[in-house]
Amino acid sequence: MAPVSKPSTPRLGKALKRAFFARNVREVAHDLIGATMLVDGVGGIIVEVEAYHHTEPAAHSYNGPTPRNQVMFGPPGYAYVYRSYGIHWCVNFVCEEEGSASAVLIRALEPTHGLAAMRRRRHLQDLHALCSGPGKLTEALGITIAHNTLPLDRPPIALHARTEDLEVATGIRIGITKAVELPWRYGVRGSKFLSKPFPK
């Protein structure tokens with residue numbers, strides 16, 4: 001029997017440190033597109049994110065700190081994980097200076113590392129459906145509330161800068177009822193791994 005060839009995994013860019021996140025949340029969101037996110041070595045290329053700022057009512061931090069969102073008010077470069085609709089986890093990266101309480105929601109990945117683990121966790125084979133949504137990608141990467149408040153530049157989390165130029169699309173955020181007009185969703189234009197295509 002001929003050996004089955006495995007797809008080659010893309011080379012990783014430089015490791016992103018917590019200082020990367022100490023900037024305007026929308027700039028960070030834009031620059032995360034094409035970066036690689038790994039949790040215990042499992043993950044892929046970030047193809048879709050959304051920015052949330054404490055000054056707009058769609059942000060969890062808009063009404064001040066709570067036990068759930070406390071990490072958002074701390075220093076940048078930490079994970080904020082919360083349960084959405086009581087069903088699935090969502091992972092965010094805290095940005096800007098301490099007290100700003102702004103973060104980037106990771107919405108979709110192109111799977112590149114640990115495909116067998118992701119397929120086992122998601123109980124499906126379709127590569128395009130493994131991480132095409134915020135709840136799907138956390139399940140695929142094994143992210144739970146245990147990852148809340150963890151630093152983004154230490155194991156089990158690793159982030160690597162993008163290694164090639166790509167076209168970043170922008171649009172309005174998905175699944176919210178407040179500040180719906182803000183074009184703070186970013187993604188790889190034309191990617192087959194998005195949670196939802198961007199308008200032409």
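## Buried residues, helices and pockets in a predicted model

At 4% relative accessibility, isoleucine 143 counts as buried, and this value, like the others in this report, is computed from a predicted model. Isoleucine 143 belongs to the loop that runs between H3 and strand E6 (157-160). When its neighbours within four places in sequence are left aside, isoleucine 143 is in contact with Met37, Val39, Val81, Trp89, Val91 and Thr138. Its C-alpha atom is separated by 13 Å from that of arginine 107, a residue 36 residues apart from isoleucine 143 along the chain.

Just after H3, glycine 142 takes a positive phi of about 75°.

Which residues of H2 are buried? They are Leu115, Ala117, Met118 and Arg122, and, seen down the axis of H2, these buried residues fall within an arc of 160°, so they line one face of the helix. H2 is followed by histidine 123, whose phi is positive and near 55°.

### Threonine 36 in strand E1

Strand E1 (residues 36-39) contains threonine 36, which counts as buried at 7% relative accessibility. Apart from its neighbours within four places in sequence, threonine 36 is in contact with Leu12, Gly44, Ile45, Ala158, Leu159 and His160. Of these contacts, Ile45 is also named among the residues that lie nearest the centre of the second largest pocket.

### Aromatic pairs

The structure holds three aromatic pairs. Phenylalanine 21 lies in the segment before helix H1 (25-32) and phenylalanine 93 in strand E4, so the pair ties together parts that are 72 residues apart in sequence. Phenylalanine 21 is buried, with a relative accessible area of 1%, and phenylalanine 93 counts as buried at 0% relative accessibility. Tyrosine 80 and tyrosine 82 form an aromatic pair that is tilted, with 5.3 Å centre to centre and 35° between the planes. Tyrosine 80 is buried, with a relative accessible area of 1%, and tyrosine 82 likewise counts as buried, at 12% relative accessibility. Phe20, Phe21 and Phe93 form one aromatic cluster.

### Pockets

| Pocket | Volume |
|---|---|
| Largest pocket | about 510 Å³ |
| Second largest pocket | about 220 Å³ |

The largest pocket is lined by 25 residues, of which Tyr52, His60, Tyr82, Gly175 and Ile176 lie nearest its centre; Tyr82 is thus a residue of this lining as well as a partner in the tilted aromatic pair. Strand E2 (42-52), strand E3 (79-84), strand E4 (88-95) and strand E5 (102-113) each supply at least two residues of the lining of the largest pocket, and E3 gives the most, with four residues. By class, this lining has 14 nonpolar, six polar and five charged residues.

The second largest pocket is lined by 15 residues, and Gly34, Ile45, Glu110, Glu164 and Leu166 are those that lie nearest its centre. How many residues of its lining are nonpolar, polar and charged? The lining of the second largest pocket divides into seven nonpolar, five polar and three charged residues.

Methods:
Residues numbered from 1 in each chain as written. Predicted model: local features only at pLDDT ≥ 70, side-chain atom pairs only at ≥ 80, totals over all residues. Heavy atoms only, no water. 1 Å grid on protein atoms, 1.4 Å probe; cavity = no way out; pocket = protein on both sides within 12 Å on 5 of 7 lines; lining within 4 Å. Points joined across faces, edges and corners; volume = space filled by probe spheres on them. Nonpolar A, V, L, I, M, F, W, Y, C, P; charged D, E, K, R; others polar. Buried < 20%, exposed > 50% of the residue type's maximum accessible area, 1.4 Å probe, protein only. Contact = heavy atoms within 4.5 Å. Arc of directions from axis to C-beta. Phe/Tyr/Trp six-rings, centres within 6.5 Å; stacked < 30°, edge-to-face > 60°.
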